[in-house]
Amino acid sequence: PLKPSGVFDGMMCLLQLRYSGVFEAVKIRQTGYPFRYVHEDFFKRYRLFNDKIKAPSHKDCCAQLIQGLKGDWSELQMGATRVLYRANVHRKLELLRNVEQEKRCIVIQAYCRGWHGRRLRKRLLEVRPTLAAAIASRDLDTLAAAIGKVDDLNIGFPMREITQARRMHDNILKERAITAALEDLQSKDPETHFEAMRKNVEDAEEIGFTSPLVDKVRKIMVEVKERRETVAWLKEGVEKWDRELLGKAMERVGRLNLAATPEAQAGKQTLERLQQEDVMAAEMEAGMASGACTQWDHATIVVAPLEAAVGKGRAYGTFYVPRNKSVFEKAQVVLALRQQLLAE
């Protein structure tokens, strides 16, 4: 039966290779010399084994080259026009050639790296004075020209002067932007544009930029912060009836031009009310200290001063200072006792 196409049978393949003479051809090829270079090509390929060989003919050059090799090369045959050898000899020759190529490559790399290093040094020496002069000038156009010259040279790594020049170039651009922004902001309401001022001043501090304009805006910011802090103290002092906090805030009111603000007015009124409480508490304490009943005769009792002081306190209303409130409550009790004793 016919073998279907696309199906391989191992035995049939073996018989086809055997009967077609493929095995015999391979055997003949193995026993012969499959590698056959002419003398000139062989010498050109393997001359790196000894590049000092000089002979009148390529055949003699090949003979000297083979004699200079270490090891057994008896299987390599020198013909009239060609060099003949088998696969095992070819592998040895190629291995030695690869080793020699690696050695030569290392030497070539060393020379190339040295040449590149010398050329780079020459470029650096050429561009360094230009960069130093540009950095010293702090001129934007000069810095841009120097940086452009360095970029054209394609040095390949950021040398110290290049980094400094680029940083200075960027900082000058930032300084100009900050100056333009602050010039616009200094004439505007600092309360409304405080955050914009703060951002530009922080940017200036980040790059180490100082100028009279930056100092002026910084002072404005400090004043705004003090105003906000003072207003917060006034609000808290009024809410908590804190004499110390209100006193500290009122010391700043005149300097910061806050006298006309509602917070300052409320703080002033609260302080006056606290002072009024202190005066009334002192009067009540003085009334309680005098006119007390020191003996059985009630004629020694004096009620009028204490009664007047307590009357002022009742007319005043609520006492917010804890001590004054306590004095007022105590004075009312003492007044009631004295009035009761007088009525007996």
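1. A pocket is here an open set of grid points at which a 1.4 Å probe fits, with protein on both sides within 12 Å along at least five of seven lines. The coordinates come from a predicted model. In this model the largest pocket holds about 170 Å³ of space.

2. The lining of the largest pocket consists of Phe-49, Asn-50, Leu-65, Gly-68, Leu-69, Lys-70, Leu-96 and Glu-100. By class, four of these lining residues are nonpolar, two are polar and two are charged.

3. Helix packing is considered next. Two packed helices are described by the angle between their axes and the distance between the axes. For helix 8 (residues 194-206) and helix 9 (residues 212-240), the angle is about 135° and the axes lie 10 Å apart. The two helices are therefore oblique to each other, and helix 8 passes helix 9 in a left-handed crossing.

4. On the helix 8 side, the contact with helix 9 involves Phe-194, Met-197, Arg-198, Val-201, Ala-204 and Glu-205. Helix 9 contributes Val-214, Val-217, Arg-218, Ile-220, Met-221, Val-224, Lys-225 and Arg-228. Nine residues of this contact are nonpolar and five are charged, with no polar residue present.

5. Helix 9 also packs against helix 10 (residues 243-253), at an angle of about 145° and with the axes 9 Å apart. This crossing is left-handed. From helix 9, the contact draws on Glu-226, Glu-229, Thr-230, Trp-233, Leu-234, Glu-236, Gly-237 and Val-238. Its partners in helix 10 are Leu-245, Leu-246, Lys-248, Ala-249, Met-250, Arg-252 and Val-253. The contact of helix 9 with helix 10 comprises eight nonpolar, two polar and five charged residues.

6. Helix 11 (residues 262-289) and helix 13 (residues 322-343) cross at roughly 35°, and their axes come within 9 Å. Helix 11 passes helix 13 in a left-handed crossing. Eight nonpolar, two polar and six charged residues make up the contact of helix 11 with helix 13.

Methods
Residues numbered from 1 in each chain as written. Predicted model: local features only at pLDDT ≥ 70, side-chain atom pairs only at ≥ 80, totals over all residues. Heavy atoms only, no water. Axes fitted to C-alpha atoms, helices over the stretch in contact; angles between N-to-C directions. Helix = DSSP H or I, 4+ residues; strand = E, 2+ residues; numbered from the N terminus. Parallel < 35°, antiparallel > 145°, perpendicular 65-115°, else oblique. Left-handed = near helix turned anticlockwise from the far one by under 90°. Contact = heavy atoms within 4.5 Å. Nonpolar A, V, L, I, M, F, W, Y, C, P; charged D, E, K, R; others polar. 1 Å grid on protein atoms, 1.4 Å probe; cavity = no way out; pocket = protein on both sides within 12 Å on 5 of 7 lines; lining within 4 Å. Points joined across faces, edges and corners; volume = space filled by probe spheres on them.
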